[in-house]
Amino acid sequence: MKNVLITGANKGIGFETARQMAQLGFVVHLGSREKARGIDAVRMLKESGIFNVELIEIDVTNIDSIKEARQELETKIVALDVLINNAGIAGEQPQSMSKGTIENLRRVFDTNFFGAVQTTQQFIDLLKKSDEPRIVNVSSGLGSLTAHSRTTDNPNMGMYDAYSCSKTALNAFTVMLAGEFRGTKFKINSIGPGYTETDLNGHSGTQTVEEAARRIVKYATIGVDGPTGGFFKDDVIPW
Ligand SMILES: NC(=O)c1ccc[n+]([C@@H]2O[C@H](COP(=O)([O-])OP(=O)(O)OC[C@H]3O[C@@H](n4cnc5c(N)ncnc54)[C@H](OP(=O)(O)O)[C@@H]3O)[C@@H](O)[C@H]2O)c1
């Protein structure tokens with residue numbers, strides 16, 4: 001059975017992604033920074049008849065936590081087939097570029113950008129051992145500079161600017177990493193799951209976690225002819 005690690009999978013889009021990957025037959029290593037929340041999430045999946053799921057404690061902002069998670073996984077599996085860098089935070093609002101605090105900007109980048117980078121770095125050797133390694137960086141349409149620069153009446157302007165910058169940086173990471181591994185068996189993509197009803201946005205999102213997770217799962221399981229180094233929702237999202 002193939003193995004997938006999903007960060008921030010104790011709730012929201014990550015939790016639903018865990019369910020869908022498990023239903024496809026993957027052994028799901030359900031990442032949770034808080035043990036108790038992870039135990040609850042695994043229990044909920046097991047109560048719904050999904051048993052190929054195991055909790056792994058991982059805080060993507062804490063390098064010691066990531067290393068411990070890697071060491072734990074290395075004792076259980078030979079290869080990691082899929083890494084889904086899903087953990088993310090919105091940060092405090094408003095967060096305009098002229099007035100938002102640097103502390104908030106750093107916190108948002110710590111999770112959404114540096115968190116994904118350092119998690120990937122720690123798991124890359126295990127991914128290399130897979131026949132078809134896949135990395136999905138869960139980005140956002142808000143990371144699209146093209147969309148922002150085209151918009152003249154964005155009602156969210158100033159509300160999610162730090163978050164948007166962190167997702168743009170995450171997309172740059174996707175491009176650089178995919179470039180590094182071009183011509184190899186790796187497929188590495190950024191996915192915008194869509195505006196989804198979760199805690200992240202106070203449940204104002206208009207899509208379901210099922211729809212969001214389906215987009216992530218598609219690229220987490222993309223075949224050998226699939227793209228790498230791209231940014232997708234249902235279609236290509238402009239950078
Ligand atoms: N919802 C949307 O409309 C939307 C749109 C585009 C992109 N996204 C992206 O989708 C991803 C999932 O978001 P969501 O909407 O499902 O939000 P969510 O329900 O708030 O879930 C976020 C998850 O990330 C975890 N997390 C936060 N900081 C972490 C850290 N330092 N280490 C490990 N885990 C951490 C949270 O854990 P705790 O429970 O411990 O806080 C939680 O499990 C994020 O990357 C987000 O930016 C969401």
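His203 sits in the loop between β6 and α7 (209-220); helices (H or I, at least four residues) and strands (E, at least two) are DSSP runs, numbered from the N terminus. The phi angle of His203 is near 65°, a positive value in a residue other than glycine. His203 is also exposed, with 9 other C-beta atoms within 10 Å. For that word, the cut-offs are these: a residue is buried if 20 or more other C-beta atoms lie within 10 Å of its own, exposed if 12 or fewer, and partly exposed in between, with C-beta atoms placed from the backbone.

Before we go on, a word on what you are looking at. This is a predicted model, in which local features need pLDDT of at least 70 and side-chain atom pairs count only at pLDDT 80 or more, while totals for chains, interfaces and linings use all residues. Residues are numbered from 1 along each chain as its sequence is written.

Now let us turn to the sheet. It is open and has 7 strands in the order β3-β2-β1-β4-β5-β6-β7, with parallel pairing. Two strands pair if DSSP finds at least two bridges between them. The edge strands are β3 (53-57) and β7 (231-232), each of which pairs on one side only.

Strand β2 (residues 27-32) pairs with β3 in the parallel sense over 5 bridges. Leu30 stands opposite Leu55 in β3, and Gly31 has Ile56 as its bridge partner in β3. Together, β2, α2 and β3 make a right-handed β-α-β unit; a crossover is right-handed if, with the strands pointing away from the viewer, the path from the first strand over the helix to the second runs clockwise. Of the 6 residues of β2, 5 are buried, so this strand is largely enclosed by the rest of the structure. On to β1: 4 bridges join β1 to β2, and the two run parallel. Here Leu5 has His29 as its bridge partner in β2. The chain crosses from β1 through α1 to β2, and this β-α-β crossover is right-handed.

Helix α2 (residues 35-47) has 13 residues and reaches 18 Å from its first C-alpha to its last, close to the 18 Å expected at 1.5 Å a residue; the expected span is 1.5 Å times one less than the number of residues. The buried residues of α2 are Gly38, Ala41 and Val42. They cover an arc of only 95° around the axis, which puts them on the same side of α2; the arc is that of the directions from the helix axis to the C-beta atoms. On the other side of α2, Ala36, Arg43 and Glu47 are exposed.

Back in the sheet, strand β1 (residues 3-6) pairs with β4 in the parallel sense over 3 bridges, and the bridge partner of Val4 in β4 is Val82. Strand β4 (residues 82-85) in turn pairs with β5 in the parallel sense over 4 bridges, with Ile84 opposite Val136 in β5. The chain crosses from β4 through helix α4 (residues 102-128) to β5, and this β-α-β crossover is right-handed. In the loop between β4 and α4 you will find Pro94, and a cis peptide bond joins Gln93 and Pro94, with omega about -5°.

Why is β5 described as largely enclosed by the rest of the structure? The reason is that 5 of the 5 residues of strand β5 (residues 134-138) are buried. Arg134, Val136 and Val138 point one way from β5, and Ile135 and Asn137 the other way. Next along, 5 bridges join β5 to strand β6 (residues 187-191), and these two run parallel.

The C-alpha atoms of Val236 and Ile191, 45 residues apart along the chain, are separated by 9.3 Å.

Finally, the ligand. Of the 30 residues around the ligand, Gly8, Gly12, Ala87, Gly88 and Thr198 come nearest; a residue counts as near a molecule if its C-beta atom, placed from the backbone, lies within 6 Å of it. The elements that give two or more residues to this shell are α1 (12-23) and α4, and α1 gives the most, with 3 residues. The shell divides into 8 nonpolar, 16 polar and 6 charged residues. In that division Ala, Val, Leu, Ile, Met, Phe, Trp, Tyr, Cys and Pro count as nonpolar, Asp, Glu, Lys and Arg as charged, and the others, Gly among them, as polar.
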